[in-house]
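Please read the points below with the sequence and the 3D view side by side. They begin with the terms and then turn to the chain as a whole and to a few single residues.

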Amino acid sequence: MDFNAIGLFVNNMETMVKFYRDIVGLKTEWKNGDLAADFEAGTSSFVMVGRNDFEKIISKSLSYPNGLNGTMVMGFNVKNHKDVDIEYKRLMDLGVESVCPPKTNDWGQRACYLADPEGNLLEIGSFEE
């Protein structure tokens with residue numbers, strides 16, 4: 001099998017699409033009312049689907065975490081350590097919730113962690129100084 005996508009199930013498609021499109025900066029052609037949003041995310045595919053819509057498709061109810069979600073993290077690479085700080089400040093200036101400010105870890109990666117409007121974690125990181 002070939003891995004091809006990450007899917008995120010969301011409560012509010014409009015709010016979440018606006019966050020990843022307008023604040024994070026990913027491109028999508030999603031229009032309000034579309035069942036799913038496909039985002040351009042480099043060599044990976046990032047898809048967003050409404051939780052209620054997905055449950056209708058599979059005819060089954062599922063449970064989801066509340067608040068800050070430690071189940072997964074979506075990682076975004078930037079060019080170098082300085083860019084981690086720049087992106088962190090840019091996102092903070094736009095009102096994104098900080099989980100952990102930028103720091104350089106023992107393994108050489110500088111990273112920060114933020115939360116999207118539904119509590120999913122984002123990592124902005126780089127191994128390049």
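1. Buried means under 20% relative accessible area, exposed means over 50%, and partly exposed lies in between, with a 1.4 Å probe and protein chains only. This is a predicted model, in which local features need pLDDT of at least 70 and side-chain atom pairs count only at pLDDT 80 or more, while totals for chains, interfaces and linings use all residues. Residues are numbered from 1 along each chain as its sequence is written, and side-chain values use heavy atoms, with hydrogens and water left out.

2. The protein has three helices and eight strands, where helices (H or I, at least four residues) and strands (E, at least two) are DSSP runs numbered from the N terminus. Along the sequence their order is β-α-β-β-β-α-β-α-β-β-β. The radius of gyration is 15 Å, close to the 14 Å that the globule rule gives for 129 residues, so the protein is as compact as a globular protein of that length; the radius is taken over C-alpha atoms, and the rule is 2.2 Å times the number of residues to the power 0.38.

3. Of the 129 residues in the protein, 37% are buried. Taking contacts between residues at least 6 apart in sequence, 51% join residues at least 24 apart, a contact being heavy atoms within 4.5 Å.

4. Asparagine 80 sits in the loop between strand S5 (69-77) and helix H3 (81-93), and asparagine 80 counts as buried because its relative accessible area is 18%. A polar atom of its side chain lies 3.0 Å from the backbone nitrogen of aspartate 83; a polar contact is a pair of N or O atoms within 3.5 Å, and within protein one must be able to donate a hydrogen and the other to accept it, with residues adjacent in sequence counted only if both atoms are side-chain atoms. Leaving aside residues up to four places away in sequence, asparagine 80 touches Ser126, Glu128 and Glu129.

5. Threonine 28, in strand S2 (residues 27-28), is likewise buried, with a relative accessible area of 17%. Its side chain reaches the backbone oxygen of aspartate 38 at 2.8 Å, and a polar atom of that side chain lies 3.2 Å from the backbone nitrogen of tryptophan 30. Beyond residues up to four places away in sequence, threonine 28 touches Val17, Arg21, Ala37, Asp38 and Phe39.

6. Serine 59 lies in the loop between helix H2 (51-58) and S5 and is exposed, at 67% relative accessibility. Although serine 59 is not a glycine, its phi is positive, at about 55 degrees.
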